[in-house]
Each structure stands twice: as structure tokens, then as C-alpha cells.
Amino acid sequence: MTGVSDKTILITGASSGIGEATVRELAKEGARLFIGARRADRLKALAEELGDHVAWSELDVTRADAFEAFADAAAARFGRIDALVNNAGVMPLSLLAALKRDEWTRMIDVNIYGVLNGIAAVLPRFIAQKSGHVVNVASIGAHLVVPSAAVYCGTKYAVWAITEGLRQEHDDVRATIISPGVVATELGNDITDAEVAAGLRVWRQKSLTPDAIARAIRYALEQPEGVDVNEVIVRPTAAG
Ligand code: NDP
């Protein structure tokens, strides 16, 4: 199977940024999309704009039971599941010494457990049908650590390791890591430390737009069955 037009693809974090751009990119190619996030109003508007081949359901990726129900609903609507894009993520950056334990927990819950819950919701189906593709959105922060991003980067190193482990354990399930550099999105709007938030604004002076990452995700998904794109790293240039 080449291309995405005959595939059913689940996408988390579809209510903004990279997730929304990915929905638009794949919808253009005629894929059947089942999209999730917590902000139902945004999902509904996006699905209505794009047409019948895009269906939505509210989803909190930190809840394993909700993710199972999300995958069941997608399979009931479209008949099968070919791929999952685990894109949902949060980035409330802070210095470790600030001891923002609640924010550490939220990052670990969404960025790590969210990805594991997604894998758990689709892997038994993928094993049974002897094919499937999990695309996990990690980060350049899965390769390097900067001050204020210790926990965030820790979660993304974990996403990298989990994806690589999935690839090693299954010959007929594809596993792709997408590692974006800085992208102009809503990510980090919830940073509570003013100095760290100011630092993010400086990084964002050189940034990608979300469609650059959406194209990388499409590239991985449209490969023929025998091709597994293991990782794509995308960073902005000065022209970004
Ligand atoms: P956005 O903040 O625009 O999007 C994040 C998405 O995650 C939203 O749709 C949000 O939806 C969703 N989300 C957050 N928490 C939950 C939850 N508990 N359950 C379900 N969905 C949730 O940021 P980006 O588009 O930038 O982020 C997408 C991914 O890209 C993240 O994994 C991020 O770490 C990664 N990334 C981003 C980079 C950047 O510079 N922007 C760089 C490297 C990686 P809602 O609030 O409606 O639930």
C-alpha cells in the first residue's frame, strides 16, 4: 500500500499547531482521519471544514480507557486502523530548582503515558493484521538538553526510546520518530516562569511553521509497506 489516500489514520493533538497542520496535509491527500484532543469545539470546526473523511472525538491521551474507546470509535467508523500519529504534547518549561512538581507530572503524563496509551490502543490490532504504523512526535529535545527543559527533554528522550523499542520488537509494525526543531505554535503558552517564557520567545525568532512538520509526517506515512522511515529531524534555517 503506497500513499495515504486509502489509509485510516488517527491523529492526537489535532486541535492546534502541528496536529492541525497534519490533519490538513493528510486530508488533502484523501486519507480517512480520526482526530482527537480535549478542545472539542476546534476539532468539530476542523472536521466540518474538511468533510466526511475526517471524524473527531474528544480525547484526553492521559486516560488509557479513553484512548481505547477512541481507537474503537475510529475502527467502527472507518473499518480499520492503518496508522496512529501520537502528536499531543505539553511543554511547561521551568528550571528544576523551581520544583514545579505538578508541571513535571503533567509533562510525563501527556508526553510519555499519552504515547504509551496510544501504542496500547492500536498495537494488538496491528499485530493481528500484520501491519500498522506508529508515528511519534518527539523533538530535537530528544537529542539535546537545554536549561529549563530537563523534564521536557526527558519525556522526549523517552518517546525516542519507546519508538525505537517498538521498531525492534515488531517486523511488521512500522515506527517513526518525528523530531521537530522550534515550530511556531501554541506550545509553551502555559509556561509559568516569565524569564523562561521570554527565552522561548527568543528561540521562536527562528522557527518553522507547522506545515513543515506535517509534510515530514506525510512523507513517513506515504511510503510503501516495505519501507520504515525511522526518524526525521526538521530544523529551521535563518530564513524560517
Ligand atoms: P500545540 O500546543 O499547538 O499543540 C499541542 C496539542 O496537544 C494540542 O492539540 C492539545 O490539544 C494537545 N494536547 C495537550 N494535552 C493533551 C491531552 N491531555 N490529551 C489530548 N491532547 C492533548 O503544540 P505543537 O503543535 O507545537 O505540539 C505538537 C507536538 O510537537 C508536541 O508533542 C510537542 O512536544 C512537539 N514539538 C513541538 C515543537 C515546537 O517548537 N512547537 C518542537 C518539537 C516538538 P487540547 O489542548 O485541545 O487537548
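Me: A residue is buried if 20 or more other C-beta atoms lie within 10 Å of its own, exposed if 12 or fewer, and partly exposed in between, with C-beta atoms placed from the backbone. Why does Thr 209 count as partly exposed?

Reply: Thr 209 has 15 C-beta neighbours inside 10 Å, a value that lies between the limits of 12 and 20, and therefore it is partly exposed. This is a predicted model, in which local features need pLDDT of at least 70 and side-chain atom pairs count only at pLDDT 80 or more, while totals for chains, interfaces and linings use all residues. Residues are numbered from 1 along each chain as its sequence is written.

Me: Where is Thr 209 placed in the chain?

Reply: Thr 209 belongs to the loop between helix H6 (194–203) and H7; helices (H or I, at least four residues) and strands (E, at least two) are DSSP runs, numbered from the N terminus. From Ala 158, Thr 209 is 51 residues away in sequence and 25 Å away in space, C-alpha to C-alpha.

Me: What makes E3 and E7 the edge strands?

Reply: The open sheet has seven strands in the order E3-E2-E1-E4-E5-E6-E7, with parallel pairing. Strand E3 (54–58) and strand E7 (231–234) each pair on one side only. The twist from one strand to the next averages 15°, where axes are lines fitted to C-alpha atoms, for helices over the stretch in contact, and angles run from 0 to 180 degrees between N-to-C directions.

Me: Why is the unit of E4, helix H4 and E5 called right-handed?

Reply: The term applies if, with the strands pointing away from the viewer, the path from the first strand over the helix to the second runs clockwise. E4, helix H4 (residues 101–129) and E5 form such a right-handed β-α-β unit.

Me: What makes the buried residues of H2 line one face?

Reply: In helix H2 (residues 40–50), the buried residues are Leu 43, Leu 46 and Ala 47. Seen down the axis of H2, they fall within an arc of 95° (taken from the directions from the helix axis to the C-beta atoms), so they line one face. They pack against helix H1 (17–28), E2 and E3, whereas the face turned away carries the exposed residues Asp 41, Glu 48 and Glu 49. Gly 51, with a positive phi near 110°, follows H2.

Me: Which residues have the most contacts inside the largest nonpolar core?

Reply: A nonpolar core is a set of buried Ala, Val, Leu, Ile, Met, Phe, Trp, Tyr and Cys residues joined through C-beta atoms within 7 Å. The largest has 66 residues, and those with the most contacts inside it are Ile 9, Leu 10, Val 23, Leu 33, Ile 35, Ile 213 and Ile 217. H4 supplies the largest share of this core, seven residues.

Methods. Two strands pair if DSSP finds at least two bridges between them. Two residues are in contact if their C-beta atoms, placed from the backbone, lie within 7 Å.
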